Structures are given as structure tokens and as C-alpha cells.
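Here is a friendly walk through this model, written as numbered points. Please keep the sequence and the 3D view open while you read.

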Amino acid sequence: MVAVSKHGRRALFWLAQTPVGRLLTGRILTHMSFMLPVDRLRETETLLAFHHPSPSYPLHILLVPRRNLHTLSDLSPADADFMIDLFQTVKSLVAEFDLEAAGYRLIANGGPYQDVPHLHFHLVSGSSSSDP
């Protein structure tokens, strides 16, 4: 895994929100995911799961489709294989990290709550760093 500084993560985050960045994010995730400097937990033909580079929870995993999908609204019946992979991957991660006992949430943000314009899911456990 390639280490990316906090400043570098902010720059990448900012870039992903620009029109050019949206295009690059989609291309990288769909065709060149090997370039992502992340520690992969799971990798299938349809998705990539890895620890969030800037976690907000004690356990914070991102699950990202390898297809160019911007929001949940972009999903169609043709994406059934991705959805099956998603839930099988979540099930295996819940077992691996013993989350049934600890509790967990699977989150998909949309609209103004979606910071990066590529569909992704957060598997989280524990209290958010922003919780009182």
C-alpha cells in the first residue's frame, strides 16, 4: 500500500469533486483500480472493499462498485451481480470483524450528503468521531 499524506488525501478528495475528477474517479474505479493506494479487504469483478483512508468510526470500510455509477438512482436490474457481490461481501466482513455482537451499519449517502460523486457504501461500527 502506498502511503498518502493527510494533505494528499484532501487534494484527492477535492479533485474527485470537480468535473474532471468525476471522470477520473469513474475511470480509475472501473478500469484501473490497481492504481488506488489502499489496503484491499475484498476485491471482486464488481466491487472493491477497503478501509476508509480518513475513517470517522473505529471500523470504517468503503465498498465501491467498479462500474461508473454515480448514485443509488443509477442502479438498474442489470446491476444485480454487483448487489449480490455487495451483500455477500458485507456478510463476510461482518463475520470477519465480528460485527454481529458489536453492531454495524451499512450506509449509502446521496444528494448533498454524498461527498464523492461515485456510488459507494460505508460499513461502519462504533461511534462516529463527530458523536458527542
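1. Let us begin with the contacts, meaning heavy atoms within 4.5 Å. Of the contacts in the chain with a separation of 6 or more, 55% are between residues 24 or more positions apart. Please keep in mind that this is a predicted model, in which local features need pLDDT of at least 70, side-chain atom pairs count only at pLDDT 80 or more, and totals for chains, interfaces and linings use all residues. Residues are numbered from 1 along each chain as its sequence is written, and side-chain values use heavy atoms, with hydrogens and water left out.

2. Next, the layout. The chain has four helices and five strands, in the order α-α-β-β-β-α-α-β-β along the sequence. These are DSSP runs numbered from the N terminus: helices are H or I with at least four residues, strands are E with at least two.

3. How much of the chain is buried? Of its 132 residues, 36% count as buried (under 20% relative accessible area; exposed is over 50% and partly exposed in between, with a 1.4 Å probe and protein chains only). The chain exposes about 8,000 Å², and carbon and sulfur atoms supply 60% of that (Shrake-Rupley method, 1.4 Å probe; for residues, only the protein chains shown count as cover).

4. Helix α3 deserves a careful look. An α-helix has 3.6 residues a turn, so residues three or four places apart point the same way.

5. Just after α3, Asp 98 has a positive phi of about 50 degrees.

6. Which residues touch the most other members of the largest nonpolar core? They are Ile 61, Leu 63, Leu 86, Leu 93 and Leu 123, in a core of 16 residues. Here a core is a set of buried Ala, Val, Leu, Ile, Met, Phe, Trp, Tyr and Cys residues joined through side-chain atoms within 4.5 Å. The largest share of this core, five residues, comes from α3. Leaving aside neighbours within four places in sequence, Leu 93 contacts Leu 41, Arg 42, Ala 49, Ile 61, Leu 63, Leu 99 and Leu 123. A second, separate core of five residues includes Val 38, Leu 48, Phe 50 and Val 64.

7. Finally, look at the loop between β2 and β3, where Pro 58 is placed. Pro 58 counts as exposed because its relative accessibility is 69%. Not counting residues up to four places away in sequence, Pro 58 touches Ser 125, Gly 126 and Ser 127. Pro 58 and Ser 128 are 70 residues apart in sequence, yet 7.6 Å apart in space, C-alpha to C-alpha.
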